[in-house]
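Subject: Structure handover

Hi,

Here is the structure you are taking over. Please open it alongside this note. My findings follow below.

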Amino acid sequence: MKLIRKLPGYINIWTWLSLIIVVLILLPNVSILINFFTQEADNWEHIQEFILPDLLKNTSLIMIFTGILAIFLGTSLAWLVSAYDFPMKKFFKWALILPLAIPPYIAGYTYNGILNYTGVIQTTLRNQFGISVDQKYFDILTLPGAVFIFTLFLFPYVFTITRAFLANQSASLIENARLLGRNAWEVYFRIVLPISRGAIVGGTSLVLLEVLNDYGLVQYFGVPTFSTAIFQTWFGMNDINSAIKLSATLMFIVFAVLIIEKLLRGRKKYSNTTAKVRPLNPIQLKGRKAWTAFSYCLFIFSLGFLIPFIQLLDWMFLTFDKIASPEFTTLIQNSLLVSFIGAAMISVFAVIIANFSRMHQSFFSKSAARVTILGYSIPGAVIAVGISTVFIDIDNLLFSFYESIGMEPTLFLSTSLFMLISAYVIRFLAVGYNSVESGFDKIGNKFTEASRMLGMNMTKTFFKVDLRMIKGPLISGFILSFIEILKELPLTLILRPFNFDTLSTQAFQYAGDEQIHEASLASIIIVVISGIAIYIFHQVLEKEPN
Amino acid sequence: MFIQIKDLCFCYGNSKDDTIKNFDLEIDKGEIISILGESGSGKSTILRLLCGLETPSKGQISIAGKVMTDDRRFVLPEKRGIGMVFQDYALFPHMTVAENIQFGLKGYGRKAKKERTNEVLDLVNMAKYSKRYPHELSGGQQQRIALARALAPKPALLLLDEPFSNLDADLQIKIRSELKDIIKRTGTTSIFVTHDREDSKAIADRIITMRDGAAHDWESICTTRQEKSKLELVDMK
C-alpha cells in the first residue's frame, strides 16, 4: 500500500536518470565478475601457477610496507602541526599535502633520474670528489624503491584526514590527558593514535587503493603487480579472458581492503557526537625542539615535493626548446579537452544522483549513492578491462545498425574518445559526488521543502533553489575531478583512441624510453596545475573548519 | 468538515514502531489549531504528512473536500496548495525579500505579483524591507517574511512548525499576538505545532495534545479516556 502512495513521488526524471547512471556504472564491473566465473581463458592455469603467486607477494609487500610507513609519516606530521607551534608551521600545514600533486609514476622516474649513474648525485660525487659508488646502493628500481615512492607521495592522504580530525575533534580529550600529567609521547601513543583510529584507517585505505590503482610506477620500476600483469596478458599475450580473471582477482582484493577498513573503523565515524567543536590549542615549541620539528617537516617536504620539483624544473629548462612544439600544444589541448568533458559529465551525474538520493530515503537511493562511489575504489586497469568488453559488446550489437546507415561496419564506439571519457566518469564520479553531497548536507532539505510548499516541482526547485545553493561545492567537485583526470594514467593508456596522447601518457612514454629529461615539461604542467588546486582548496578548507 | 484526517499511521524507515498511530482530526474552516506536545511526540510529523513531505503508511487526508492521500492516491506537495512556515524559516538566502515572496506566486501576472507582494508585506508590517536579503533581517523580521511568503499564494491551509522557537522570550510574546491577528485577518485555516503551552493558549482556537503519536482533545482530556489505555493522559491544566 505504502508503495502505491509513494510512487507519485518517485516517478520523475531524477529517478530515471539515476537508474540509468547506476546501470552504466555497474555494467562494466558486473561484466568482469560474470566473465570471471563463466569464461575459459587460455593462459589462466599458467598464470595461476607461475605468475599469480609473485603478483600476490609483490602486491601485499608493497601494500603492507607502504601502509605502515604512510601511517607513521602521516600521523606524526599531522600531530606535529596540530598540537605544536614551530617555525613555518602554517606553511607546512598545506605544503605537506603538495606531494599529492606529483603522481607516483612521475615521482618514480624523477627519483631514478636523480639517483642513477648519470644523475645529479652520482655525477657530483664523481666529478667533484672523485668518489665512485657501488650502483646497488643507488638503484631505486626495486620493490623497496617503489615503497619509498608510494609512501612519500601518498602519505598526505593520511596526513590530511588525520589532521582534520585532530583539529576539530580531539581538543578536550588531549587537554585532559595533559592535565592528568601525561607527557607528549604518552599523549601521542595512548590518546592521539587510538582516538584518530577511524581517520587513520580511512586515510590509509585511500593510500592502499591508490597503490592498487597504480600502473605507471610499478611498470617503470619493473615490479610486477596486478596492473602490469593485466596489461601484459591483454596486450602482450592477447588473452583478454585472463586479463578479466586477473581484474576480478584484483577486485576481490579491493573489496577485502574495503571490508577490512569497515571492520577496523568499527562503529566509530570520523566525528564525535558533540556538536560543540573547539580547536586544539597548540603548544609553542622553543629552541632545539622547535628546530627539530621544523627540520622533520622540511625534510619530508623536500623529499616529497621540493627536490623532485626542482629536478623537474631543471630538466624542463634543458629540454624546453626541443619539446615545446606544435605537437606539444596538441597534447595540452587533448588533456584539457578530455579533462573538461569528463569533469563536466561527472558534475552533472553527481548532482543528479546526490539530489535523487537526498530526496528519497530508500534502499534504492542509498544503493545508488554507494554504487556511485564504488568506481573510485576500483583500479584503472580493471575499469579499462570492464569498459572495453562492454563497449565491444555494444559495438557488436550495433553492427547491423552501422551497416544500415552506410558506415563502415567497425568498432565505432570502442575506438572513440567516448569510451575513455565514460571510463573517467566511472572512476572519478566519487570525487564530484562527495563534494556535491557534502554541499547538499550543509544546506539540508528545508529550502527544497519550502520551495515545494510554494508550488514548485522537484525539477523547477532544483534549478531555482538547489543549484544556486550548491554552486560552490559543485565547482570544487568539478575542479577536483578535472585534476584527477589530468593526472590519470592507466585508463588513458589503455582506452585512448589511436594516436591520441595526453600530457600524462606522453610523460610516461618518454620516461619509459629513457628520455627522462624530455618527460619533464608535461610532468611540470601536471604538477603545477595540481599544486595550485591543492593550495586553493587548502585555503578554502581553512576558512571553513568543518 | 474542511479538513479531515482519518486513521493516519506513519513510521520512519528504520524504526519498528509507528511514529503516528491512528491519528484522527477534523478542523473547521478558519479555525486555528495548535498541536501541543513534547519533542518526539510526532507533532511535526503530522505537519509533514499533511503537506505531503512524508508519505503515510495508512489513513486518509482530505482538505477542502479534495482527497490528498488515501490508499490509492497521493498528491505531491507542490500540488496541495498548503502554506508552511518552517521552524528556521528557510528563506532563500540568494533572493531578496520580495523575490522570496514572489517565488510562490505562480500564474500571477507581473503587476499582480507586485501587488500581492506589497499586500502581504503590508499585512506583516514589513513593506520597507522588500529589497533586503534575509541575512540582513533580524530573527523576528525573518519570521514575518516567512509568514508573508507562506500566505502570499492564498493557501487553503497554513502550517507553522514551532514558529517561536528561534525567538527570544520578549519577542515571542509580542509576535504571538501579532501572529494571531494576521492569521485571523486573512481567515486562513491554520495548524501550528509547539511544545509551549503558553503559545497554544495565546493563539489557538482549539488545542490538540499529542502523546505517543495519537491526538487528544484539550477539552476532553480530563473527562473522556480513549480506549487505548496504554496512552497515559496527563492533566494539562
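Start with strand β3 (residues 32-37) of chain B, which pairs with β8(B) in the parallel sense over five bridges. Ile35(B) stands opposite Val193(B) in that pairing. Keep in mind that this is a predicted model.

**The β8 strand of chain B**

Strand β7 (residues 157-161) of chain B runs parallel to β8(B), and five bridges join the two. Here Leu158(B) stands opposite Ser190(B). The link between these strands includes a helix: β7(B), helix α5 (residues 169-186) of chain B and β8(B) make a right-handed β-α-β unit.

Is β8(B) buried or exposed? Six of the six residues of this strand, residues 189-194, are buried, so the rest of the structure largely encloses it. In a regular strand, side chains alternate between the two faces of the sheet. You can follow the two directions here. Thr189(B), Ile191(B) and Val193(B) point one way, while Ser190(B), Phe192(B) and Thr194(B) point the other way. All of them are buried.

**The antiparallel sheet of chain B**

Chain B also has an open sheet of four strands, in the order β2-β1-β4-β5, with antiparallel pairing. Its edge strands are β2 (20-27) and β5 (66-69) of chain B, each of which pairs on one side only. From one strand to the next, the twist averages 25 degrees.

Look at the β5 end. Strand β4 (residues 58-63) of chain B and β5(B) are antiparallel and share three bridges. Ser62(B) has Val67(B) as its bridge partner in β5(B).

Helix α1 (residues 43-51) of chain B lies across β1 (3-10), β2 and β4 of chain B. Its angle to β2(B) is about 70 degrees.

**Chain B overall**

Chain B has six helices and 10 strands. Of its 237 residues, 42% are buried. Among contacts in chain B with a separation of 6 or more, 67% come from residues 24 or more positions apart.

**Where the chains meet**

How many residues of chain A are in contact with chain B? There are 22, and they are in contact with 24 residues of chain B. On the chain A side, the elements that give two or more residues are α1 (2-10), α21 (446-453) and α22 (458-469). α21(A) gives the most, with seven residues. By type, the chain A side divides into 10 nonpolar, five polar and seven charged residues.

One glycine deserves a look. Gly455(A) lies in the loop between α21 and α22 of chain A. Gly455(A) is buried, because 22 other C-beta atoms lie within 10 Å. Leaving aside neighbours within four places in sequence, Gly455(A) is in contact with Glu78(B), Gly104(B), Lys106(B) and Pro153(B).

**A buried helix in chain A**

Now turn to helix α25 (residues 503-512) of chain A. Eight of its 10 residues are buried, so this helix is largely enclosed by the rest of the structure. The buried residues are Leu503(A), Ser504(A), Thr505(A), Gln506(A), Ala507(A), Phe508(A), Tyr510(A) and Ala511(A).

**Two backbone points**

Most residues other than glycine have a negative phi. Two exceptions are worth a check.

- Glu514(A) follows α25(A) and has a positive phi of about 60 degrees. Glu514(A) sits in the loop between α25 and α26 (520-543) of chain A. With 13 C-beta neighbours inside 10 Å, Glu514(A) counts as partly exposed.
- Asn125(B) has a positive phi near 65 degrees. The loop between α3 (110-123) and α4 (139-151) of chain B holds Asn125(B). Asn125(B) is partly exposed, with 13 other C-beta atoms within 10 Å.

**Confidence**

The predictor gives the complex an ipTM of 0.80 and a pTM of 0.81. The mean pLDDT of chain B is 82, and 88% of its residues reach 70 or more. Which stretch of chain B has pLDDT below 50? That is residues 218-237. Beyond near neighbours in sequence, this stretch has 19 contacts in the model. Where pLDDT is low, the predicted coordinates should not be read in detail.

Best wishes

Terms used. Residues numbered from 1 in each chain as written. Chains lettered and ligands numbered in written order. Predicted model: local features only at pLDDT ≥ 70, side-chain atom pairs only at ≥ 80, totals over all residues. Buried ≥ 20, exposed ≤ 12 C-beta atoms within 10 Å, placed from the backbone. Pairing = 2+ DSSP bridges. Right-handed = clockwise from strand over helix to strand, strands pointing away. Contact = placed C-beta atoms within 7 Å. Nonpolar A, V, L, I, M, F, W, Y, C, P; charged D, E, K, R; others polar. Axes fitted to C-alpha atoms, helices over the stretch in contact; angles between N-to-C directions. pLDDT = per-residue confidence, 0-100.
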